[in-house]
Amino acid sequence: MNTSMPFAHYCRYLWERPNLIVVAGEAGEIWKGYRAYRERYGIPPAGPQGAALLERLFAAAGLAALSLPEAESWGWSVTFPGSSVGLFCGIEPEGSVCGQVLVSEREKNLVVVQKQGRNTSLTQSHFALLTHDPVEAVERYFEEAEQTLIRIAVDGRGRGVLLRPMPGGHFADISGLADDALIERCWGMAAEGTIRKLAEARLFYECPCNQEKIDKLIAALPREQQDELWGDLEKLEVSCPRCGRSYGVERGGSGAGRRKKIN
């Protein structure tokens, strides 16, 4: 792990009287790592709207990942109603976060969430959205897949909170609070020690892709698809589907042949 990369600090707490799990974290360091990663590997910048939506998804998805007692792998694919902007965000158990802005069909409105624990099988959930807010995608996941109503608030700096009821828990103590007020209250209780810390973690932006994985991805394609992909070409440029980083592949030899990384 690169020790110079920005790390975002997240904590999970128990608010005992209303019996709520509270997750607090500041995604600004993840955002900083995302921008540095794009610059490092020459990934073209997304438009300002798409980048802002993706960073907001990083914030909300990071809070969701820390809300569970055991770290799991998450994959969020989000498209919005009437929008050509699509998003992908992946989070791994060791704390790495990655993602990219994609082009979506305007008539497509679908969120697909894949989740897998270390010793559990992959689960997949899908549902539609009512707004263009990535935070809604994360809240709707818990409502649809976990049958649990949660509350998430994220501010413009990436500072956010997630509140999730335990059995018998309730939101009466935060009813009517606007997002900024909710963040201030939860962060204040954490600073004062009036909610009990259960766990903490560091999240950072980094994609697990590498040349070997891209090679295997191409080599695993059926022969017909490989022939169609290569055609008469001797070189291919392949982008990682998770982060958009480009890799060069040269034809020849066995499998995908001799390869050369572009970035």
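Reader: Does Cys89 count as buried or exposed?

Author: Cys89 counts as buried, because its relative accessibility is 0%.

The model is predicted: local features need pLDDT of at least 70 and side-chain atom pairs count only at pLDDT 80 or more, while totals for chains, interfaces and linings use all residues. Residues are numbered from 1 along each chain as its sequence is written, and side-chain values use heavy atoms, with hydrogens and water left out.

A disulfide is a covalent bond between the sulfur atoms of two cysteines; here the term is applied to a pair of cysteine sulfur atoms within 2.5 Å. The structure holds zero disulfides. For Cys89, the nearest cysteine sulfur belongs to Cys98 and is 7.1 Å away. Cys243 is likewise in no disulfide, and the sulfur of Cys207, the nearest cysteine sulfur to it, is 3.7 Å away. Cys243 is buried, with a relative accessible area of 3%.

Among the residues that Trp76 touches, leaving out those up to four places away in sequence, are Cys89, Leu57, Phe88, Val112 and Tyr141; contact means heavy atoms within 4.5 Å.

In soluble globular proteins, nonpolar side chains tend to be buried together. The largest such core has 60 residues, and Tyr10, Ile30, Phe58, Trp76 and Ile152 touch the most other members. Helix α2 (residues 48-66) supplies the largest share of this core, eleven residues. Helices (H or I, at least four residues) and strands (E, at least two) are DSSP runs, numbered from the N terminus. Apart from this core lies another, of 15 residues, including Leu20, Val161, Leu163 and Ile183.

Rings also meet one another. Rings of Phe, Tyr and Trp (its six-membered ring) pair if their centres lie within 6.5 Å; planes under 30 degrees apart count as stacked, over 60 as edge-to-face and the rest as tilted. A search of the whole structure finds ten aromatic pairs. Phe7 and Phe204 form one that is edge-to-face, 5.6 Å centre to centre and with 65° between the planes. These two residues are 197 residues apart, with Phe7 in the segment before β1 (8-15) and Phe204 in strand β10 (residues 196-205). Trp76 and Tyr141 are also edge-to-face, because their ring centres are 5.6 Å apart and their planes stand at 75°. Trp76 lies in strand β3 (residues 73-79) and Tyr141 in helix α3 (residues 134-145), so this pair ties together parts that are 65 residues apart in sequence. Both Trp76 and Tyr141 are buried.

Over the ring of Tyr41 sits the charged end of Arg245, 3.7 Å from the ring centre; the term requires NZ of Lys or CZ of Arg within 6 Å of the ring centre and within 35 degrees of the ring normal. Lys115 has its charged end over the ring of Trp74, 5.4 Å from its centre.

Technical notes: Core = buried A, V, L, I, M, F, W, Y, C linked by side-chain atoms within 4.5 Å. Buried < 20%, exposed > 50% of the residue type's maximum accessible area, 1.4 Å probe, protein only.
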